[in-house]
Each structure stands twice: as structure tokens, then as C-alpha cells.
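I opened the notebook to look up helix packing first.

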Amino acid sequence: MDQAGYTAVEKGYVVPTGAPGPGHGRPLASAAAKPCSSSSPPPRLAPVVCLSLRNPGLTHPLPPSAPALASTDVEGTVNDPTPFPPPDKAHGQYHWTFERLLSASLVPLIGATAVSSVNPVLDGVLCTAIVAHSHMGFDQILTDYLHERKFPVLGAIAKWVLRLTTAGVLVGVYQFETNDIGVTELIKRAWKGEKKE
């Protein structure tokens, strides 16, 4: 009997001290849950790893550890440093600055179109800025949740759907601005709309 209170490993069962006889222990598979620490005594049913380390007479050897699955995405070994992409201001500082300036420019553009008379150039600039702002926001959502590294097919499809949708919206805005009343005039008419009797 060892110091942990286990008498033997019989027929694949861990038999605690004081058990009435063979067949009253628990299966080995249910006992392997947590690793033991050498400073504290193991729980009543210790993991098989602890028994094998403390009981040299264990007749059932532990199975060899499964080999790590090789991945095609991993380059080098675990001791190599993480490779970082080369710095590119177009994807970092310039892109972030352009997004902030575009977002901040929407406030005066909306104010200018609200107080001025209908101006097709100002209306076109406002509509293009809103579409660009929306495109960049949806692109960031796709980058965060459907990154092409994790979802190579679905991520690429979603990016192209976003690009085609944005192009379609820009064509629709152009058609509405040149062949109809324009977005600003539409909003003004809807705002001042009166019921016809």
C-alpha cells in the first residue's frame, strides 16, 4: 500500500484502501481528471498518472502521448519568434486617419446640406461620404469576424459581396442624383410632407 491510500491496480480499476475486494473500485478512465501535486496528498481517487509515478509496480503502462497534428499554417518551431508583417502606413496610420477624418467630415456635410438650398455637388459629396463610411464599417466587421485566415472561402466571398454591394449602391446614388431629385431634396420633402386631403 502506498502513502496515498491505494492498494493496487487490479483489472483496470483503482482500488482505494479499505475497499471490500476486487471489482469495487472505479474504472481508470474516470479517475484521470487532474494532475497531482507532490506537496499535497492526492484526492480519494487520484489520477492514473499519479499512481504510475508513485507505484513502480504498475503493470499497465501509460499510453504514449498522441503526436501533435502538423498544420500547414505553422512555420518554424515553437521556439521561433512570431513573424510580424512589415509595417505599412497605408494599412495603419493613414487608413485610421482617413476613417476618422471621413467620420468627422460627415457632421459639417450634413449641417451644410440641411441649411443650404439643394446643391447637386454637395449632395453627391455627402452621399459618397456616407457610402464610403458605411463600406469601411462593414469591412471592419468582416475583418474582425470573418477573417480570411480563419474562413478562407466564406471570408473572401463576404468581402466580394461587400465590394459589389458598395459599387451597386454608388451606381444607384449616382442615378438618383442625376435623373431624380436627389437624396437631400427627398429628405426635405419627406420632412415637410403634408397630408393630402
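**Helix packing**

I looked up H3 (residues 93–115) and H4 (residues 120–145): they pack at about 140°, axes 10 Å apart. The model is predicted: local features need pLDDT of at least 70, side-chain atom pairs count only at pLDDT 80 or more, and totals for chains, interfaces and linings use all residues. Numbering starts from 1 along each chain as its sequence is written, and side-chain values use heavy atoms, without hydrogens and water.

The angle makes H3 oblique to H4 (under 35 degrees is roughly parallel, over 145 roughly antiparallel, 65 to 115 roughly perpendicular, the rest oblique). I took axes as lines fitted to C-alpha atoms, for helices over the stretch in contact, with angles from 0 to 180 degrees between N-to-C directions. Helices are DSSP runs (H or I, at least four residues) numbered from the N terminus.

I then listed contacts (heavy atoms within 4.5 Å). Phe98, Leu102 and Leu106 are among the H3 residues there, and Leu126, Ile130 and Met136 are among those of H4. The contact divides into 13 nonpolar, five polar and one charged.

Next I checked H4 against H5 (residues 152–179): their axes come within 10 Å and cross at roughly 170°. That makes H4 roughly antiparallel to H5. H4 brings Val131, Phe138 and Leu142, among others, to meet H5 residues including Leu162, Val169 and Val173.

**Rings**

I found the charged end of Arg163 over the ring of Trp160, 4.7 Å from its centre (the rule: NZ of Lys or CZ of Arg within 6 Å of the ring centre and within 35 degrees of the ring normal).

How values were computed: Helices (H or I, at least four residues) and strands (E, at least two) are DSSP runs, numbered from the N terminus. Ala, Val, Leu, Ile, Met, Phe, Trp, Tyr, Cys and Pro count as nonpolar, Asp, Glu, Lys and Arg as charged, and the others, Gly among them, as polar.
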